[in-house]
Amino acid sequence: MGKRVMIVDDSRVAELQISSLLEGSDFEVAAYCQNGEDAIAQYGEIQPDIVTMDIIMPGLDGLETAQAILEEHPDARIVIISSLAYDDTFHEADAIGAKAFLYKPIERENLIETLNLALAAR
């Protein structure tokens, strides 16, 4: 059984891209949530090994969602994936407790390496 991934992104295209990049790897998509509220509600039930989190979403953004999940589940492994390349966004994600930050566009090797590093992080 692969490592279970929850993809949180309002873009179905991004979800399909991440799912496609993970095919044939040690990772399997366990859940897909199109907004932060759904991710928070489903996290405890799904109990993924790792979460990929977009930042820009309707309702709660990815940073707010990550913070809420980590407050309730401190051992959660969250990787922020975004096209926003601002230093303050990176630092905010780090301060919240995200394990890694990955910039779009995503490449398969970088995605898998980042997910593995995030799982190994303490």
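Predicted model: local features only at pLDDT ≥ 70, side-chain atom pairs only at ≥ 80, totals over all residues.
In soluble globular proteins, nonpolar side chains tend to be buried together. Here, the largest nonpolar core has 22 residues, and the ones with the most contacts inside it are Met6, Val8, Val51, Met53, Ile69, Ile78 and Ile80. Strands S1 (3-8), S2, S3 and S4 (78-82) each put in at least two residues, and so do helices H2 (36-46), H3 (62-72) and H4 (87-96). The biggest share comes from H3, which gives 4 residues. Ile78 shows how this part of the chain comes together: leaving out residues up to four places away in sequence, Ile78 touches Val51, Met53, Ala66, Ile69, Leu70, Ala98, Lys99 and Ala100. There is also a second, separate core, this one of 16 residues, with Phe27, Ile50, Val79 and Ala118 among them.

Helix H3 deserves a look of its own. Its buried residues are Gly62, Leu63, Thr65, Ala66, Ile69 and Leu70. These lie on the same side of H3, because they cover an arc of only 160° around the axis. The cover over that buried side includes H2, S3, S4 and H4. On the face turned away from the buried side sit Glu71 and Glu72, both exposed. At the start of H3, a side-chain oxygen of Asp61 comes to within 2.9 Å of the backbone nitrogen of Leu63.

On the H1 side, the residues involved are Ile18, Leu21 and Leu22; they meet Arg108, Leu111, Ile112 and Leu115 of H5. Leu111, which belongs to H5 (residues 108-120), is a handy example. Its relative accessibility is 0%, so Leu111 counts as buried. Beyond its neighbours within four places in sequence, Leu111 is in contact with Ile18, Leu21, Leu22, Ile81, Leu102 and Ile106. Leu21 and Leu111 are 90 residues apart along the chain, yet their C-alpha atoms are separated by 7.9 Å.

Asp54 is in strand S3 (residues 50-54). With a relative accessibility of 7%, Asp54 falls under the 20% cut-off and therefore counts as buried. Its side chain joins that of Lys104 in a polar contact of 3.5 Å. Lys104 is also one of the residues that Asp54 contacts once neighbours within four places in sequence are set aside; the others are Val8, Asp9, Asp10, Gly62, Ile81 and Ser82. Val8 has already come up as one of the residues with the most contacts inside the largest core, and Gly62 as one of the buried residues of H3.

Glu28, by contrast, is in strand S2 (residues 27-33) and is partly exposed, with a relative accessible area of 33%. The Glu28 side chain reaches the backbone nitrogen of Gly2 at 3.4 Å. Glu28 and Leu70 are 42 residues apart along the chain, and their C-alpha atoms are separated by 22 Å.

Conventions. Residues numbered from 1 in each chain as written. Heavy atoms only, no water. Buried < 20%, exposed > 50% of the residue type's maximum accessible area, 1.4 Å probe, protein only. Polar contact = N/O pair within 3.5 Å; in protein donor to acceptor, adjacent residues only side chain to side chain. Contact = heavy atoms within 4.5 Å. Core = buried A, V, L, I, M, F, W, Y, C linked by side-chain atoms within 4.5 Å. Arc of directions from axis to C-beta.
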